[in-house]
Amino acid sequence: MTRHVGTAAQDQSRGPTHPARFSAADEPRFVETPRGRIHYRRAGSGPPLLLLHSNGMSWHEFGGVMPMLVDDFDVIAWDMPGQGDSDPIPWRSSVADLADLAHHLIIALRLDKPMVAGSSVGACIASSLGVRYPESIRAIALLEFQFGGPAWFAEHWPLVEAMFSTPTMTREAVQNRLVTRLDDRTLARWNIDRNKAGSRGMLGVMWALREYDIVEALDSLEVPTVAVFGSQGPAVESAGAMSVRVGHRIETETIWRCGHFPGYDRPDALADILRRLLQRTTS
């Protein structure tokens with residue numbers, strides 16, 4: 001089933017949604033793993049929800065949606081190993097490697113069958129978690145991921161290298177990736193996080209995506225899963241291709257007036273989707 005979240009009429013009446021600033025999880029926290037420390041932020045109460053950000057970002061990608069979730073979830077947002085304030089990891093670590101580290105975090109924090117929501121590479125990590133550790137995961141939300149797999153990345157590799165070989169992005173380049181208006185604070189955070197990750201670290205992640213068969217993973221998933229795409233995002237064509245392949249096993253939702261970053265463009269709609277997914281697994 002495909003659902004469209006936030007109609008045009010609703011969007012026009014409300015105007016663009018700007019991410020709220022989150023201060024309830026200001027205290028840095030760390031977990032030791034076999035490959036170094038993972039930094040995370042945590043707030044709220046309820047069933048656990050693990051948030052996995054996209055390449056070159058950090059937990060701040062979800063800073064706008066976390067305040068909308070803390071009444072319903074115990075929210076944990078990590079910094080992917082090698083990015084944010086987490087320790088570096090070997091270049092060309094695989095998606096499976098990153099999923100194993102996410103599982104280490106789940107075990108270390110004693111999270112009881114968390115929901116997992118991942119954006120872009122975070123979605124691939126979430127899908128790998130669901131395949132490798134299905135008994136540990138309640139449900140999965142896959143946000144704005146590329147369904148084409150290795151063949152798509154091989155074909156588009158020059159564009160991928162151009163996007164991630166230079167960490168600092170201009171205001172115009174960042175604004176082109178968002179639907180909502182870019183403010184100075186978001187621009188600064190964006191470039192801080194990309195420079196923390198560095199060009200080689202980000203390209204290592206893209207190699208992991210290039211070598212990850214997302215189609216095979218989705219075919220193998222048995223935990224409840226929703227795939228979420230922005231109506232103006234670069235991966236929106238994946239929604240149709242995915243529906244043809246997986247049929248009704250995975251619910252698809254499209255967020256109106258949203259690009260590649262639901263956490264920035266439409267945190268309200270993303271929060272609604274995650275709450276509905278929780279209801280599906282507890283009813």
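The largest pocket of this predicted model holds about 430 Å³ of space. Of the 25 residues that line this pocket, Trp152, Met163, Arg177, Pro234 and His260 are the closest to its centre. The chain has 283 residues, of which 56% count as buried, and its secondary structure comprises 12 helices and nine strands.

**Pocket lining**

- Four helices each contribute at least two residues to the lining of the largest pocket: helix 4, helix 5 (149-155), helix 6 (157-164) and helix 8 (184-210).
- Helix 4 (residues 121-132) also takes part in the crossover from strand 6 to strand 7, which is described under the next heading.

- Strand 6 spans residues 115-119, and five of its five residues are buried, so the strand is largely enclosed by the rest of the structure.
- The burial applies to both faces of strand 6: Met115, Ala117 and Ser119 lie on one side, while Val116 and Gly118 lie on the other.
- Strand 4 (residues 48-52) runs parallel to strand 6 and is joined to it by four bridges.
- Within this pairing, Met115 of strand 6 stands opposite Leu49.
- Strand 7 (residues 139-143) is likewise parallel to strand 6, with five bridges between the two.
- Val116 has Ile140 of strand 7 as its bridge partner.

**Nonpolar cores**

- In soluble globular proteins, nonpolar side chains tend to be buried together.
- The largest nonpolar core contains 55 residues, and those that touch the most other members are Trp78, Leu105, Ile125, Phe145, Leu218 and Met242.
- Leaving aside residues up to four places away in sequence, Ile125 touches Leu52, Trp78, Met80, Val95, Leu98, Ala99 and Ala102.
- Another core, of 28 residues, lies apart from the largest one, and its members include Leu143, Val226, Leu270 and Leu278.

**Contacts along the chain**

- Among contacts in the chain with a separation of 6 or more, 77% are between residues 24 or more positions apart.
- The contacts of Ile125 give a local example of residues brought together, among them Leu52 and Trp78.

Technical notes:
Residues are numbered from 1 along each chain as its sequence is written. This is a predicted model: local features need pLDDT of at least 70, side-chain atom pairs count only at pLDDT 80 or more; totals for chains, interfaces and linings use all residues. Side-chain values use heavy atoms; hydrogens and water are left out. A nonpolar core is a set of buried Ala, Val, Leu, Ile, Met, Phe, Trp, Tyr and Cys residues joined through side-chain atoms within 4.5 Å. Buried means under 20% relative accessible area, exposed over 50%, partly exposed in between (1.4 Å probe, protein chains only). Contact means heavy atoms within 4.5 Å. Two strands pair if DSSP finds at least two bridges between them. A crossover is right-handed if, with the strands pointing away from the viewer, the path from the first strand over the helix to the second runs clockwise. On a 1 Å grid over the protein atoms alone, a cavity is a set of points where a 1.4 Å probe fits but cannot get out, and a pocket is an open set with protein on both sides within 12 Å along at least five of seven lines; lining residues have an atom within 4 Å of a point. Grid points are joined across faces, edges and corners, and a volume is the space filled by probe spheres set on the points.
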